[in-house]
Amino acid sequence: MSNEWPLWEIFIRGQHGVSHRHVGSLHAADAEAAIRNARDVYTRRNEGVSIWVVEAAAISASSPGNKGPLYDPSNSKVYRHPSFYDIPDDAGAM
Amino acid sequence: MTDPIKQFALRMGDNALILGQRLGEWCGHAPALEEDIALANISLDLIGQTQLWLGFAGQLEGYEKTADDLAFHREVYDFHNLLLLEQPNRDFGHTMMRQYLFDTFHFLQLTALQTSSEQRVCDIAAKAVKEVSYHLERSSETVIALGDGTEESHARMQSALDRLWPFVGEMLTDDAIDQAVANARIGPRPSELKQDYIKSIEQVLEQATLRIPENNPAQKGGKSGTMHSEHLGHLLAQMQYLQRAYPDARW
(Lines give C-alpha, C1' and ligand atoms only; values in the text may rest on other atoms or scores of the structure.)
Protein backbone atom coordinates (compact mmCIF):
# COMPACT_ATOMS: atom_id res chain seq x y z
CA MET A 1 0.00 0.00 0.00
CA SER A 2 1.24 3.46 -0.87
CA ASN A 3 2.09 5.85 1.96
CA GLU A 4 1.05 8.81 -0.17
CA TRP A 5 -2.36 10.39 0.23
CA PRO A 6 -4.41 10.21 -2.99
CA LEU A 7 -4.16 13.05 -5.49
CA TRP A 8 -7.15 15.38 -5.91
CA GLU A 9 -7.90 17.80 -8.73
CA ILE A 10 -9.21 21.11 -7.47
CA PHE A 11 -11.83 23.28 -9.15
CA ILE A 12 -12.69 26.75 -7.87
CA ARG A 13 -15.54 29.03 -8.85
CA GLY A 14 -14.24 32.56 -8.65
CA GLN A 15 -17.59 34.35 -8.53
CA HIS A 16 -21.25 33.62 -8.78
CA GLY A 17 -22.45 32.81 -12.29
CA VAL A 18 -19.06 31.67 -13.57
CA SER A 19 -18.07 28.03 -14.01
CA HIS A 20 -15.68 26.18 -11.74
CA ARG A 21 -12.18 26.31 -13.17
CA HIS A 22 -9.37 23.82 -12.67
CA VAL A 23 -6.69 25.46 -10.53
CA GLY A 24 -4.33 22.60 -9.70
CA SER A 25 -4.01 19.49 -7.60
CA LEU A 26 -3.02 18.46 -4.10
CA HIS A 27 -2.82 15.45 -1.81
CA ALA A 28 -5.33 14.66 0.94
CA ALA A 29 -6.57 11.65 2.87
CA ASP A 30 -10.22 12.06 1.86
CA ALA A 31 -12.61 14.44 0.09
CA GLU A 32 -13.33 16.61 3.15
CA ALA A 33 -9.64 17.00 3.87
CA ALA A 34 -9.08 17.83 0.20
CA ILE A 35 -11.62 20.67 0.44
CA ARG A 36 -9.91 22.02 3.57
CA ASN A 37 -6.50 21.79 1.93
CA ALA A 38 -7.84 23.46 -1.21
CA ARG A 39 -9.19 26.26 0.94
CA ASP A 40 -5.71 26.83 2.35
CA VAL A 41 -3.71 26.27 -0.81
CA TYR A 42 -5.92 27.93 -3.43
CA THR A 43 -8.25 30.46 -1.80
CA ARG A 44 -5.88 32.37 0.47
CA ARG A 45 -6.34 35.56 -1.52
CA ASN A 46 -10.11 35.42 -1.66
CA GLU A 47 -10.18 33.67 -5.03
CA GLY A 48 -13.30 31.61 -4.63
CA VAL A 49 -16.90 31.19 -3.62
CA SER A 50 -17.08 27.43 -4.23
CA ILE A 51 -14.66 24.50 -4.28
CA TRP A 52 -15.03 21.16 -6.05
CA VAL A 53 -12.58 18.33 -5.50
CA VAL A 54 -12.32 15.22 -7.68
CA GLU A 55 -10.02 12.32 -7.03
CA ALA A 56 -7.54 12.40 -9.90
CA ALA A 57 -7.89 8.64 -10.43
CA ALA A 58 -11.58 9.15 -11.24
CA ILE A 59 -10.85 11.36 -14.24
CA SER A 60 -10.77 9.77 -17.70
CA ALA A 61 -8.72 11.79 -20.13
CA SER A 62 -8.42 11.84 -23.91
CA SER A 63 -5.16 10.58 -25.29
CA PRO A 64 -2.71 13.19 -26.64
CA GLY A 65 -2.02 10.80 -29.55
CA ASN A 66 -5.60 11.24 -30.73
CA LYS A 67 -5.19 14.96 -31.22
CA GLY A 68 -5.47 14.79 -35.02
CA PRO A 69 -8.70 12.80 -35.37
CA LEU A 70 -10.33 14.52 -32.40
CA TYR A 71 -9.67 18.19 -33.06
CA ASP A 72 -8.26 18.88 -36.53
CA PRO A 73 -11.53 18.36 -38.46
CA SER A 74 -13.12 21.37 -36.74
CA ASN A 75 -10.42 23.75 -37.97
CA SER A 76 -11.91 24.26 -41.42
CA LYS A 77 -15.49 24.75 -40.25
CA VAL A 78 -15.53 28.43 -39.53
CA TYR A 79 -19.36 28.52 -39.71
CA ARG A 80 -19.46 26.74 -36.37
CA HIS A 81 -17.98 29.73 -34.60
CA PRO A 82 -20.59 32.31 -33.67
CA SER A 83 -18.13 35.11 -34.30
CA PHE A 84 -20.48 37.13 -36.53
CA TYR A 85 -22.69 38.40 -33.72
CA ASP A 86 -22.31 41.46 -31.55
CA ILE A 87 -22.87 40.42 -27.95
CA PRO A 88 -24.68 43.09 -25.92
CA ASP A 89 -22.73 44.20 -22.86
CA ASP A 90 -25.69 43.31 -20.66
CA ALA A 91 -25.35 39.64 -21.57
CA GLY A 92 -22.32 39.35 -19.28
CA ALA A 93 -19.80 36.55 -19.42
CA MET A 94 -20.42 34.00 -22.22
CA MET B 1 -5.34 45.87 40.41
CA THR B 2 -4.55 47.19 36.95
CA ASP B 3 -7.30 48.10 34.54
CA PRO B 4 -9.17 44.84 33.78
CA ILE B 5 -9.92 45.70 30.17
CA LYS B 6 -6.26 46.32 29.47
CA GLN B 7 -5.34 43.00 31.09
CA PHE B 8 -8.09 41.31 29.15
CA ALA B 9 -6.87 42.72 25.82
CA LEU B 10 -3.30 41.67 26.63
CA ARG B 11 -4.47 38.14 27.43
CA MET B 12 -6.37 37.86 24.16
CA GLY B 13 -3.48 39.32 22.18
CA ASP B 14 -0.80 37.24 23.89
CA ASN B 15 -2.73 34.00 23.39
CA ALA B 16 -2.95 34.69 19.67
CA LEU B 17 0.65 35.90 19.44
CA ILE B 18 2.30 33.01 21.25
CA LEU B 19 0.31 30.32 19.47
CA GLY B 20 0.84 32.10 16.15
CA GLN B 21 4.59 32.16 16.74
CA ARG B 22 4.60 28.47 17.71
CA LEU B 23 2.74 27.50 14.54
CA GLY B 24 5.12 29.60 12.49
CA GLU B 25 7.92 27.31 13.62
CA TRP B 26 6.42 24.62 11.38
CA CYS B 27 6.88 26.71 8.24
CA GLY B 28 8.94 24.59 5.85
CA HIS B 29 8.94 21.59 8.22
CA ALA B 30 5.38 20.21 8.26
CA PRO B 31 4.85 16.56 7.26
CA ALA B 32 3.05 17.49 4.02
CA LEU B 33 3.07 20.58 1.81
CA GLU B 34 -0.68 21.02 2.32
CA GLU B 35 -0.33 20.94 6.11
CA ASP B 36 2.59 23.33 5.94
CA ILE B 37 0.52 25.92 4.09
CA ALA B 38 -2.46 25.38 6.38
CA LEU B 39 -0.39 25.84 9.56
CA ALA B 40 1.18 28.99 8.16
CA ASN B 41 -2.29 30.32 7.25
CA ILE B 42 -3.58 29.67 10.75
CA SER B 43 -0.48 31.26 12.21
CA LEU B 44 -1.06 34.36 10.09
CA ASP B 45 -4.72 34.52 11.12
CA LEU B 46 -3.55 34.53 14.73
CA ILE B 47 -0.88 37.17 14.14
CA GLY B 48 -3.58 39.30 12.49
CA GLN B 49 -5.75 38.90 15.58
CA THR B 50 -2.74 39.80 17.72
CA GLN B 51 -2.42 43.11 15.89
CA LEU B 52 -6.05 43.90 16.67
CA TRP B 53 -5.97 42.89 20.34
CA LEU B 54 -2.59 44.37 21.20
CA GLY B 55 -3.38 47.43 19.10
CA PHE B 56 -6.53 47.85 21.18
CA ALA B 57 -4.61 47.31 24.45
CA GLY B 58 -1.99 49.81 23.39
CA GLN B 59 -4.52 52.52 22.63
CA LEU B 60 -6.24 52.35 25.99
CA GLU B 61 -5.92 55.54 27.95
CA GLY B 62 -2.59 56.18 29.58
CA TYR B 63 -0.89 53.34 27.74
CA GLU B 64 0.14 54.73 24.37
CA LYS B 65 1.93 51.77 22.83
CA THR B 66 1.74 50.08 19.45
CA ALA B 67 1.05 46.38 18.95
CA ASP B 68 4.71 45.99 17.94
CA ASP B 69 5.94 47.67 21.15
CA LEU B 70 3.90 45.20 23.15
CA ALA B 71 4.93 42.15 21.13
CA PHE B 72 8.64 42.86 20.95
CA HIS B 73 9.53 44.92 24.01
CA ARG B 74 8.02 43.05 26.92
CA GLU B 75 9.75 40.54 29.19
CA VAL B 76 8.59 37.00 29.88
CA TYR B 77 6.65 37.84 33.03
CA ASP B 78 4.78 40.67 31.30
CA PHE B 79 3.13 38.13 28.98
CA HIS B 80 -0.37 36.92 29.75
CA ASN B 81 -0.85 33.94 27.45
CA LEU B 82 -2.15 30.58 28.63
CA LEU B 83 0.54 28.06 29.56
CA LEU B 84 -0.96 25.63 27.05
CA LEU B 85 0.01 27.85 24.14
CA GLU B 86 3.69 28.25 24.99
CA GLN B 87 4.21 24.48 25.12
CA PRO B 88 6.66 23.34 22.42
CA ASN B 89 5.41 21.84 19.15
CA ARG B 90 7.02 18.41 19.63
CA ASP B 91 5.50 16.26 16.86
CA PHE B 92 2.72 17.19 14.43
CA GLY B 93 0.12 15.27 16.44
CA HIS B 94 1.07 17.13 19.60
CA THR B 95 0.81 20.44 17.76
CA MET B 96 -2.65 19.56 16.47
CA MET B 97 -3.83 18.40 19.90
CA ARG B 98 -2.67 21.69 21.47
CA GLN B 99 -4.42 23.52 18.64
CA TYR B 100 -7.63 21.58 19.10
CA LEU B 101 -7.74 22.06 22.88
CA PHE B 102 -7.33 25.81 22.41
CA ASP B 103 -9.51 26.23 19.29
CA THR B 104 -12.49 24.76 21.13
CA PHE B 105 -12.09 27.28 23.94
CA HIS B 106 -11.20 30.16 21.63
CA PHE B 107 -14.32 29.57 19.53
CA LEU B 108 -16.64 29.57 22.57
CA GLN B 109 -14.90 32.62 23.99
CA LEU B 110 -15.07 34.67 20.77
CA THR B 111 -18.69 33.67 20.24
CA ALA B 112 -19.53 35.10 23.67
CA LEU B 113 -17.39 38.21 23.13
CA GLN B 114 -19.54 39.27 20.20
CA THR B 115 -22.05 40.62 22.73
CA SER B 116 -19.46 42.45 24.82
CA SER B 117 -20.37 45.80 26.36
CA GLU B 118 -17.25 47.18 24.69
CA GLN B 119 -17.87 47.84 20.98
CA ARG B 120 -14.26 47.37 19.92
CA VAL B 121 -14.23 43.93 21.56
CA CYS B 122 -17.39 42.93 19.66
CA ASP B 123 -15.83 44.05 16.39
CA ILE B 124 -12.57 42.15 16.88
CA ALA B 125 -14.43 39.04 18.05
CA ALA B 126 -16.80 39.12 15.07
CA LYS B 127 -13.86 39.14 12.68
CA ALA B 128 -11.80 36.56 14.56
CA VAL B 129 -14.59 34.05 15.16
CA LYS B 130 -14.88 33.33 11.43
CA GLU B 131 -11.21 32.44 11.26
CA VAL B 132 -11.31 30.41 14.44
CA SER B 133 -14.39 28.50 13.32
CA TYR B 134 -12.25 27.19 10.46
CA HIS B 135 -9.26 26.51 12.74
CA LEU B 136 -11.53 24.40 14.92
CA GLU B 137 -12.97 22.47 12.00
CA ARG B 138 -9.49 21.66 10.78
CA SER B 139 -7.96 20.74 14.13
CA SER B 140 -10.90 18.63 15.29
CA GLU B 141 -10.98 16.63 12.04
CA THR B 142 -7.23 16.09 12.28
CA VAL B 143 -7.45 14.97 15.91
CA ILE B 144 -10.20 12.49 14.97
CA ALA B 145 -8.30 11.19 11.94
CA LEU B 146 -5.04 10.69 13.84
CA GLY B 147 -6.62 9.45 17.07
CA ASP B 148 -8.73 6.92 15.20
CA GLY B 149 -5.91 6.19 12.76
CA THR B 150 -3.03 3.75 12.95
CA GLU B 151 -1.67 2.24 16.12
CA GLU B 152 1.22 4.69 16.07
CA SER B 153 -0.87 7.80 15.37
CA HIS B 154 -3.32 6.79 18.10
CA ALA B 155 -0.49 6.33 20.63
CA ARG B 156 1.02 9.70 19.74
CA MET B 157 -2.31 11.50 20.06
CA GLN B 158 -3.04 9.86 23.41
CA SER B 159 0.38 10.83 24.70
CA ALA B 160 -0.15 14.41 23.45
CA LEU B 161 -3.49 14.59 25.27
CA ASP B 162 -1.96 13.19 28.47
CA ARG B 163 0.89 15.68 28.30
CA LEU B 164 -1.28 18.72 27.54
CA TRP B 165 -4.24 17.94 29.78
CA PRO B 166 -2.77 19.59 32.92
CA PHE B 167 -2.75 22.90 30.99
CA VAL B 168 -6.45 22.80 30.09
CA GLY B 169 -7.61 23.76 33.59
CA GLU B 170 -6.09 27.24 33.41
CA MET B 171 -8.33 28.13 30.45
CA LEU B 172 -11.50 27.23 32.34
CA THR B 173 -10.69 28.64 35.78
CA ASP B 174 -11.60 32.21 36.80
CA ASP B 175 -9.18 34.58 38.47
CA ALA B 176 -9.69 38.13 39.74
CA ILE B 177 -9.19 39.67 36.29
CA ASP B 178 -11.72 37.28 34.74
CA GLN B 179 -14.21 38.24 37.45
CA ALA B 180 -13.66 41.95 36.89
CA VAL B 181 -13.99 41.50 33.12
CA ALA B 182 -17.26 39.62 33.60
CA ASN B 183 -18.60 42.17 36.10
CA ALA B 184 -17.98 44.94 33.56
CA ARG B 185 -19.80 42.79 30.95
CA ILE B 186 -16.74 42.88 28.73
CA GLY B 187 -16.57 39.12 28.40
CA PRO B 188 -17.66 35.77 29.82
CA ARG B 189 -16.18 34.09 32.88
CA PRO B 190 -14.09 31.14 31.68
CA SER B 191 -16.05 28.95 34.10
CA GLU B 192 -19.25 29.81 32.19
CA LEU B 193 -17.74 28.20 29.10
CA LYS B 194 -16.59 25.10 30.91
CA GLN B 195 -19.71 22.99 30.44
CA ASP B 196 -19.86 23.56 26.67
CA TYR B 197 -16.13 23.05 26.43
CA ILE B 198 -16.16 19.70 28.17
CA LYS B 199 -19.20 18.52 26.22
CA SER B 200 -17.57 19.48 22.96
CA ILE B 201 -14.19 17.86 23.58
CA GLU B 202 -15.79 14.70 24.99
CA GLN B 203 -17.64 14.28 21.70
CA VAL B 204 -14.59 14.78 19.51
CA LEU B 205 -12.19 12.81 21.68
CA GLU B 206 -14.61 9.92 21.79
CA GLN B 207 -14.71 9.85 17.99
CA ALA B 208 -10.94 10.01 18.09
CA THR B 209 -10.97 6.96 20.41
CA LEU B 210 -8.90 8.94 22.93
CA ARG B 211 -9.28 8.81 26.69
CA ILE B 212 -9.42 12.01 28.75
CA PRO B 213 -7.01 11.70 31.68
CA GLU B 214 -8.50 11.76 35.17
CA ASN B 215 -7.44 13.77 38.20
CA ASN B 216 -4.69 15.85 36.73
CA PRO B 217 -3.63 18.93 38.63
CA ALA B 218 -4.23 22.16 36.71
CA GLN B 219 -1.09 24.15 36.02
CA LYS B 220 -1.56 27.89 36.24
CA GLY B 221 0.38 31.13 36.13
CA GLY B 222 0.34 31.87 32.39
CA LYS B 223 -2.54 34.29 32.02
CA SER B 224 -1.61 36.05 35.26
CA GLY B 225 2.00 36.14 34.06
CA THR B 226 3.33 34.95 37.41
CA MET B 227 4.69 31.55 36.44
CA HIS B 228 5.46 30.88 32.80
CA SER B 229 7.20 27.66 31.82
CA GLU B 230 10.83 27.77 30.71
CA HIS B 231 9.67 27.42 27.10
CA LEU B 232 8.31 30.95 26.79
CA GLY B 233 11.70 32.59 27.30
CA HIS B 234 13.19 30.63 24.40
CA LEU B 235 10.26 31.48 22.17
CA LEU B 236 10.55 35.18 22.97
CA ALA B 237 14.31 35.16 22.49
CA GLN B 238 13.77 34.03 18.93
CA MET B 239 10.72 36.18 18.23
CA GLN B 240 12.11 39.38 19.75
CA TYR B 241 15.72 39.02 18.65
CA LEU B 242 15.63 41.46 15.77
CA GLN B 243 13.82 44.24 17.62
CA ARG B 244 16.10 43.77 20.62
CA ALA B 245 19.29 43.82 18.59
CA TYR B 246 18.18 46.67 16.31
CA PRO B 247 15.56 48.64 18.25
CA ASP B 248 12.83 50.11 16.06
CA ALA B 249 14.24 48.56 12.89
CA ARG B 250 11.69 48.71 10.09
CA TRP B 251 11.18 46.74 6.92
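This is a predicted model: local features need pLDDT of at least 70, side-chain atom pairs count only at pLDDT 80 or more; totals for chains, interfaces and linings use all residues.

A: Start with one word. A residue is buried when its relative accessible area is under 20%, exposed when that area is over 50%, and partly exposed in between, using a 1.4 Å probe and protein chains only. By that rule, Arg138(B) and Asp40(A) are both buried.

A note on the model comes next. Residues are numbered from 1 along each chain as its sequence is written, while chains are lettered from A and ligands numbered from 1 in the order in which they are written.

Now the contact itself. Contact means heavy atoms within 4.5 Å. Chain A brings 9 residues to the contact and chain B brings 11. Together the two chains bury about 1000 Å², with 51% of that on carbon and sulfur atoms. Buried area is the accessible area, with a 1.4 Å probe, that two parts lose on being put together, summed over both.

On the chain A side, strand S2 (21-27) and helix H1 (31-42) each supply at least two of the touching residues. The largest share, 5 residues, comes from H1(A). Helices (H or I, at least four residues) and strands (E, at least two) are DSSP runs, numbered from the N terminus.

Now return to the opening pair. Side chains of opposite charge can pair when their charged atoms come close. Here, the side chains of Arg138(B) and Asp40(A) form a salt bridge at 2.9 Å, N to O. A salt bridge is a side-chain nitrogen of Lys or Arg within 4 Å of a carboxyl oxygen of Asp or Glu. The rule finds 1 salt bridge across this interface. Over all chains, the structure holds 13. This pair runs from helix H6 of chain B to helix H1 of chain A. A network of salt bridges links Arg39(A), Asp40(A), Glu35(B) and Arg138(B).

An α-helix has 3.6 residues a turn, so residues three or four places apart point the same way. The side chains of Lys127(B) and Glu131(B) meet in a salt bridge at 3.5 Å, N to O. Buried or partly exposed? Lys127(B) is partly exposed, at 45%, whereas Glu131(B) is buried, at 16%.

Thr142(B) is in helix H6 of chain B too. Its relative accessibility is 11%, so Thr142(B) counts as buried. Leaving out residues up to four places away in sequence, Thr142(B) touches Phe92(B) and Met96(B).

What else meets H6? Helix H7 of chain B has buried residues that pack against H6 (119-147), and also against H4 (83-86), H5 (92-113), H8 (168-172) and H10 (190-207) of chain B. Those buried residues are Ser153(B), Met157(B), Gln158(B), Ala160(B), Leu161(B) and Leu164(B). Seen down the axis of H7(B), they fall within an arc of 160°, so they line one face of the helix. That arc is taken from the directions from the helix axis to the C-beta atoms.

One last pair ties chain B to itself. Arg11(B) and Asp175(B) meet in a salt bridge at 2.8 Å, N to O. Arg11(B) is in helix H1 of chain B and Asp175(B) in the loop between H8 and helix H9 (176-183), so the pair ties together parts 164 residues apart in sequence. Arg11(B) is buried at 7%, while Asp175(B) is partly exposed at 22%.

Technical notes:
Side-chain values use heavy atoms; hydrogens and water are left out.
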